[in-house]
Amino acid sequence: VLELRKKKIDIVKIGGSIITDKETYRSLKLESVQKLSEVFSKWNKEFIIVHGAGSYGHVVADKFSIVEGYKEDSQLQGLVQIRTDMLELSTVIVSELVNKGLKALYFQTSALAHLDSNDTEVTLFLNPIKKALELGLTPILSGDVLFKNEDFFTIISGDLLIDLLVKNLDVERVFFLTDVDGLYTEDPNTGESNHLSFVSFDDIDKQHIAELTKEKTIDVTGSMKGKLEVILSIINYVDEVIIVNGNIPNRIRKIIQGKETICTRIEGKKSTQR
Ligand code: IP8
């Protein structure tokens, strides 16, 4: 019976700005977490949830220059604080999901991933996550501290983690829950921006993408520019990438029910090959 569960999965990234107030250190948007949990409890296939850090990660990471690696002992206090804060955020998310009836299981990214010798290759120990998926459990991961060979540590964004996951699992769809309605093109003459509801695999590189969000807060992992780079990589391994406004959970509900709604759907390479 369990063999039947070895099938394609979805991955959902909850942007940090959806579940936290990014301006204020450790401020949770509990109502958003609860509303999203309700939607996630109705997901109709195996999936992984990856959440961003928001103000539970980026504020302290910036203050202690964690992305730059080890410089002095004082940074260790920041590293420990990030892990403590991220654990708190993940715990709230997992317990809300469990409250709604989802069999959610937390995995600590920094205990499963490591940046190797030349600091270009991230090793991710995926066996536990694969087994959990086979059982029909929903793994919950996040952006996190990442230990590495040179300079000891850095930060891995949830987006980069998803890039690793799609290369090693059979992933159908990746959802990015952001604080905007999707991708926009900007008319170079008028400066007007137009929402894109569909982008074909062949067009994604050519699109003049104006902006994905209006976020202006500090984001040590590169914010939206970084996100687009990751999306350009991810689409080579999946059927579809969907960018949807995470502040409007009903849109996500509609997508999983196969209904039309406002979002940007990007066609992945796999769907062009099936
Ligand atoms: O919010 C960053 O993850 P992201 C993780 O997905 C930390 O970029 C700890 C800052």
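I take helices (H or I, at least four residues) and strands (E, at least two) as DSSP runs, numbered from the N terminus. I also note that a salt bridge is a side-chain nitrogen of Lys or Arg within 4 Å of a carboxyl oxygen of Asp or Glu.

**Ground rules.** I am working with a predicted model, where local features need pLDDT of at least 70, side-chain atom pairs count only at pLDDT 80 or more, and totals for chains, interfaces and linings use all residues. Residues are numbered from 1 along each chain as its sequence is written, and side-chain values use heavy atoms, with hydrogens and water left out.

**Overview.** I looked up the secondary structure and found ten helices and 14 strands. Of the 274 residues in the protein, 52% are buried; for me, buried means under 20% relative accessible area, exposed over 50%, and partly exposed in between (1.4 Å probe, protein chains only). I then turned to contacts (heavy atoms within 4.5 Å). Among those between residues at least 6 apart in sequence, 74% join residues at least 24 apart.

**Helix α2.** Which residues of α2 (30-40) are buried? I find S32, V33, L36, S37, V39 and F40. They lie on the same side of α2, because they cover an arc of only 160° around the axis, taken from the directions from the helix axis to the C-beta atoms. Their packing partners are β1 (9-14), α1 (16-19), β2 (47-51), α4 (74-99), β9 (171-178) and α9 (249-256). K35 is partly exposed at 45% relative accessible area, while E31 is exposed at 53%.

**Cores.** A nonpolar core here is a set of buried Ala, Val, Leu, Ile, Met, Phe, Trp, Tyr and Cys residues joined through side-chain atoms within 4.5 Å. The largest one has 40 residues, and I11, I48, L165, V174, I234, V241 and I266 have the most contacts inside it. Helix α7 (158-168) gives the largest share of this core, five residues. I followed L165: leaving out residues up to four places away in sequence, L165 touches I11, I48, V50, L124, L126 and V171. Another core, of 38 residues, lies apart from it and has I18, L102, I242 and I256 among its members.

My search of the whole structure turned up 17. In one of them D159 meets K13, at 2.9 Å from N to O. D159 lies in α7 and K13 in β1, so this pair ties together parts that are 146 residues apart in sequence. D159 is buried at 6% relative accessibility, and K13 is buried with a relative accessible area of 6%. I also noted R83 with D144, at 3.1 Å from N to O. This pair links α4 to β7, 61 residues apart, and both R83 and D144 are buried. A network of salt bridges links K8, D10, K45, E172, R173 and D239.

**Loops.** R26, in the loop between α1 and α2, has a positive phi of about 50° although it is not a glycine. I put R26 down as partly exposed, at 35% relative accessibility, and D151 as partly exposed, at 40%.
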